[in-house]
Amino acid sequence: MSDERRGSGRSGDRGSGGAGRGGAGRRSGGGDRRRGTGGRPRPDRVSPARLVAFDVLAAVRESDAYANLLLPSRIERARLGAADAALATELTYGTLRLRGRYDAIVELAAGRPAGAVDPPVLDVLRLGAHQLLATRVPTHAAVNESVALARRVAPSAAGFVNAVLRAISRREADDWLDAIAERAGSPDEALAVVHSHPVWVVRALRGALEREGRADELVALLEADNASPRVNLAALPGLAPAPDDLGEPDLFSPTGLTAQDPLGIVADHDGRVRVQDEGSQLAALALSRVAPVRPGERWLDACSGPGGKTALLAAEALAGGATLVANEVVPARAELVRRAVAPVPLEVPVHVGDGRELDPAVLGAEGGFDRILLDAPCTGLGALRRRPEARWRKSPTDVAELTELQGELADAAFAALAPGGILAYVTCSPHTAETFGSLGGALARWGDAAEPLDTAAVVGGVARHPLDLAGDGRTVQLWPHRHGTDAMFIALVRKR
Ligand SMILES: C[S@@+](CC[C@H](N)C(=O)[O-])C[C@H]1O[C@@H](n2cnc3c(N)ncnc32)[C@H](O)[C@@H]1O
């Protein structure tokens, strides 16, 4: 079988190694000892980690919950220890990410379309398939616990679950990948089922890579989307210890690092060390470091919630003597921005308003802003590894709606710049409609008033090591598989 498919199997294994290695059997034993059964698993017992995972899958399915927000509270409520929490996380995220692959496998094993299986039963099967094909959970534990789970949530389907999972367990993961690829209607559909992305997303990602002449990186990108991202930190410059003093400095971001106990470090630094993707840091720093800061400069973060980049900009503004205002349309997200900037000893007013109606005078910058960050609302196709269910919730219709909004926000931000001011247009999507499409449309409208800057030179100057970038330098596209960051798109434009 092709390397790409074997590779995808390995990426599942990589993600699951930590959780799976502890062994569900061992964890079950611990649970059984607590229950005084002498370590022998009861046939109807479901481990707390699997119950938590199923619970989150059900909430994602039934009420559009976000797994990354819900899971921590469910883990806490179930009082899971570290090993069980790791297992619950792996089962939840892995199952959500690889849902498309598992549905195709279940269809073959069950001999019926996934859509014809009751949704809770399908979730049990997806969870079971993930344990069988992408973790080190022993086959008997994966099957028995799944059947026990089915008895709880859909008793009449327990026999069906048993039969389907036993069928799945009889073939290796690579054999299943061959089988679902062979059944696909086209090469794109084969990539989509094997790597568990919707077909339209596969095509959009290929389009973005083709623009760079790097279409051959598509499989690496799809695999990177299915791997768990590292927890990356930002140490606010001037307010927190330097990255080298806290852990392993990031390869590119001068404010970024990774560490053995990232959350412990965050807890110890009162909001001055934050969890933040390395690409997001580079996007904020591209604007704050595009030119030396003149004291008194006025900066705006136009779409700021939840405030990750605002906090970094605030630290940079403080160091350079600039002022910073934040804007956000969703009141609850504006509140998150207030919390994000609170540790920075700089007054950052956070306005709740539509970024399409920016009025510099109302925002305290008569005459316009000197620097504006427009981190535009987007499909988020560049952060799929971080938001496991997101790929199944988006559709091409979202792209059309968002590009219209992006164009309007870009026009309003450009109008709010002072002469000579600089706009950073940023998306966490590499979809060419949201990057070159939205930006290109705006540049055409702005005509000679806009001067695209050498963004690659700016980001290259900020980065600690050289970045492998494609294109003419006016824009920067970062990639999970190439840079280890979210797929952030950054373009700097000066108003003449
Ligand atoms: C990509 S996020 C920004 C992320 C942020 N820069 C950070 O690093 O934490 C885009 C934000 O734009 C907000 N938004 C969407 N439509 C908007 C509008 N019309 N005006 C202002 N903000 C908007 C969303 O609520 C969301 O919080």
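Which helix has the lowest confidence in the protein, and which the highest? Colour by pLDDT, the predictor's confidence in each residue from 0 to 100, and select helix H2 (residues 24-34): the mean there is 30, the lowest, while helix H16 (residues 278-288) has the highest, at 99.

Next, take residues 1-39, where pLDDT is below 50. Beyond near neighbours in sequence, this stretch has 77 contacts in the model, a contact being two residues whose C-beta atoms, placed from the backbone, lie within 7 Å. Where pLDDT is low, the predicted coordinates should not be read in detail.

A word on ground rules. You are looking at a predicted model, so local features are described at pLDDT of at least 70 and side-chain atom pairs count only at pLDDT 80 or more, while totals for chains, interfaces and linings use all residues. Residue numbers run from 1 along each chain as its sequence is written.

**The whole protein**

Zoom out. The mean pLDDT is 92, and 91% of residues reach 70 or more. The predictor also gives an ipTM of 1.00 and a pTM of 0.91 for the complex. In cartoon view there are 23 helices and twelve strands. The radius of gyration, taken over C-alpha atoms, is 24 Å, close to the 23 Å that the globule rule gives for 496 residues, so the protein is as compact as a globular protein of that length. That rule is 2.2 Å times the number of residues to the power 0.38. Along its principal axes, the C-alpha trace spans about 70 × 50 × 40 Å.

Of the 496 residues, 53% count as buried. Buried means 20 or more other C-beta atoms within 10 Å of the residue's own, exposed means 12 or fewer, and partly exposed is in between, again with C-beta atoms placed from the backbone. Among contacts between residues at least 6 apart in sequence, 74% join residues at least 24 apart.

**Helix H3**

Select residues 48-63. This is helix H3, with 16 residues, and it reaches 22 Å from first C-alpha to last, close to the expected 22 Å (1.5 Å times one less than the number of residues). Its buried residues include Val 52, Phe 54, Val 56, Leu 57 and Val 60. Step just past the end of H3 to Asp 64, which has a positive phi of about 55°.

**Val 143**

Go to helix H8 (residues 139-153) and pick Val 143. This residue is buried, with 21 other C-beta atoms within 10 Å. Show Gly 128, Asn 162, Leu 165, Arg 166 and Ser 169 as well: Val 143 touches them, not counting residues up to four places away in sequence. Arg 166 sits 23 residues along the chain from Val 143, with 7.1 Å between their C-alpha atoms.

**The annotated binding site**

UniProt, in an unreviewed entry, marks a "binding site" at positions that include Cys 303, Gly 305, Glu 328 and Asp 375. Its positions are given in the numbering used here, feature names are shortened, and annotations may be inferred rather than shown by experiment.

Start with Cys 303, in the loop between strand S5 (298-301) and helix H17 (308-320). Cys 303 counts as buried because it has 24 C-beta neighbours inside 10 Å. Its contacts beyond four places in sequence include Glu 328, Asp 375 and Leu 409. Now pick Gly 305, in the loop between S5 and H17. Gly 305 is buried, with 24 other C-beta atoms within 10 Å, and its contacts beyond four places include Glu 328, Val 330 and Arg 333.

**The annotated active site**

What does UniProt place at Cys 428? The unreviewed entry gives "active site" there. Cys 428 lies in the loop between strand S9 (417-427) and helix H21 (433-446), and is buried, with 27 other C-beta atoms within 10 Å. Leaving aside neighbours within four places, its contacts include Cys 378, Gly 380, Asp 486 and Met 488.

Finish on strand S12 (residues 489-495), where six of seven residues are buried. Strands pair here if DSSP finds at least two bridges between them.

- S9 runs antiparallel to S12, joined by six bridges; Ile 422 partners Arg 494.
- S10 (residues 450-452) pairs antiparallel with S12 over three bridges; Ala 450 is opposite Lys 495.
- S11 (residues 475-477) pairs antiparallel with S12 over three bridges; Thr 475 partners Ala 491.

Definitions and conventions: Helices (H or I, at least four residues) and strands (E, at least two) are DSSP runs, numbered from the N terminus.
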